[in-house]
Amino acid sequence: MSSNSTNGAHELHTEDEALSVLLDADIDKVMAGLDRIVEAAPSYQKLFMRWQRQQWSTEDFDFTEDARQWADPDLITKEERDFLLFGFSQFFLGEERVTAELLPFAMGAPSHEAQAFLTTQISDEAKHMVFFDRFYREVLGASAATIGDMLDQQRANVNEDWERLFNGILHDCAERLRKDPSDFAALVRGITVYMVVIEGTLALTGARFIIRSLKERGWFPGFTAGFTAVNRDESRHVGFGVKFLADAISADPANARIIEETLKETLPVASLVFVPPGVENPYDFETPFYRSEEIFEYAMKALSKKLAAMGLDPAMLAAAA
Ligand SMILES: [Fe+2]
Ligand SMILES: [Fe+2]
């Protein structure tokens, strides 16, 4: 952002405009809004104010029609059910992991502004987990005494690469920060994994394809409304991550090297998180809702935009992927 004070008012106006797009209920507009946020690079304070205005409740959504549809044996095929359970579970368990692992990131935040934002994100991620827990109970008909029991029941639905990314790489990032919150290089690596790869590349891409597929079929109206609100939050989180990394690169170009190394380590695992169980070729497969090449292409484009916004050359991805 320019320090030229005559441009300041205009830039603030642009930031507000970019952020207001996220209020839209259409997922493709939410995604376009993210591009605008990333370009406008709003300050942590702006993102915090937006969080205050974008509150929603897990109780806002009516799941009656969703439950009726899931219970209808003629509406959804076995292949579609299996694929949806795989996708929903990766999100549900993912929301739980990112809630817990974000705590050390907030401890390591280099300013109170960044820390204040990260505490809002912790509460968002917890809300997303509770939203999925409610969906599993009221729509998918699952029952469990606690959220922990519910997560354990669904654990068999996630793939091995999900385990490697969340319980391996992300957990290691959080552990390094837990041991030494002043380790700035660990924070740069962690934010690359968390906000850029997991949220900005995997989650927003996967969500866009799930929401689009469900809307085309008129399925799960309560869920699609709630999941759109989830992804509006995710866009804000990614906006934070891109701003943080762009500032880190400006402060010390050596941080660009850490981001590049982290992407090289993470992307080969991350791309396989999209792969549902039982496919023959993990790089070329078909799901009941879309083909692998569509989702891989969308994810790479999403990631490239974020790298460009940080001032990095997206061509590095050719070597990393
Ligand atoms: Fe989330
Ligand atoms: Fe998030």
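Is Gly-108 buried or exposed? Gly-108 counts as buried, with 23 C-beta neighbours inside 10 Å; here, buried means 20 or more other C-beta atoms within 10 Å of a residue's own, exposed means 12 or fewer, partly exposed is in between, and C-beta atoms are placed from the backbone. This is a predicted model, where local features need pLDDT of at least 70 and side-chain atom pairs count only at pLDDT 80 or more, while totals for chains, interfaces and linings use all residues. Residues are numbered from 1 along each chain as its sequence is written, and chains are lettered from A and ligands numbered from 1 in the order in which they are written.

- Gly-108 sits in helix 6, residues 103–108; helices (H or I, at least four residues) and strands (E, at least two) are DSSP runs, numbered from the N terminus.
- Leaving out residues up to four places away in sequence, Gly-108 touches Leu-177, Pro-181 and Leu-187, where contact means C-beta atoms, placed from the backbone, within 7 Å.
- Go 25 residues along the sequence between Gly-108 and Asp-133, and the C-alpha atoms end up 29 Å apart in space.
- Phe-184 belongs to helix 10, residues 184–217, and counts as partly exposed with 17 C-beta neighbours inside 10 Å.
- Between Phe-184 and Ala-109 there are 75 residues along the chain, yet their C-alpha atoms are separated by 8.7 Å.

**The nonpolar core**

- The largest nonpolar core has 76 residues; such a core is a set of buried Ala, Val, Leu, Ile, Met, Phe, Trp, Tyr and Cys residues joined through C-beta atoms within 7 Å.
- Helix 10 supplies the largest share of this core, 17 residues.
- The residues with the most contacts inside the core are Leu-170, Tyr-194, Ile-198 and Leu-245.
- As general background, nonpolar side chains tend to be buried together in soluble globular proteins.
- Beyond four places in sequence, Tyr-194 touches Val-98, Phe-105, Leu-170, Glu-199 and Gly-241.
- Gly-241 is part of helix 11 and counts as buried, with 24 C-beta neighbours inside 10 Å.
- Lys-305 is 64 residues from Gly-241 along the chain, and their C-alpha atoms are separated by 13 Å.

**Helix pairs**

- Helix 5 (residues 78–101) and helix 9 (residues 160–179) pack at an angle of about 10 degrees, with their axes 11 Å apart; axes are lines fitted to C-alpha atoms, for helices over the stretch in contact, and angles run from 0 to 180 degrees between N-to-C directions.
- Helix 5 and helix 9 are therefore roughly parallel to each other (under 35 degrees is roughly parallel, over 145 roughly antiparallel, 65 to 115 roughly perpendicular, and the rest oblique).
- In that pairing, helix 5 brings Gln-90, Gly-94, Arg-97 and Glu-101, while helix 9 brings Trp-162, Phe-166, Leu-170, His-171 and Ala-174.
- The axes of helix 3 (residues 44–53) and helix 11 come within 10 Å and cross at roughly 170 degrees, which makes helix 3 roughly antiparallel to helix 11.
- Tyr-44, Leu-47, Arg-50 and Trp-51 of helix 3 make that contact with Arg-236, Gly-239 and Phe-240 of helix 11.

**Helix 13**

- Buried residues in helix 13 are Ala-299, Ala-302, Leu-303, Lys-306 and Leu-307.
- They cover an arc of only 135 degrees around the axis, which puts them on the same side of helix 13; the arc is that of the directions from the helix axis to the C-beta atoms.
- Turned away from the buried side is a face with the exposed residues Glu-293, Glu-297 and Lys-301.
- Leu-303 has 23 other C-beta atoms within 10 Å, and it touches Gly-200, Thr-201 and Leu-317, not counting residues up to four places away in sequence.
- Leu-303 and Gly-200 are 103 residues apart along the chain, with C-alpha atoms separated by 6.9 Å.

**Positive phi angles**

- After helix 13 comes Gly-311, whose phi is positive, near 85 degrees.
- Phe-220 isn't a glycine, but has a positive phi of about 50 degrees.
- Most residues other than glycine have a negative phi.
- Phe-220 lies in the loop between helix 10 and helix 11 (221–251), and is buried, with 26 other C-beta atoms within 10 Å.

Methods:
Contact = placed C-beta atoms within 7 Å.
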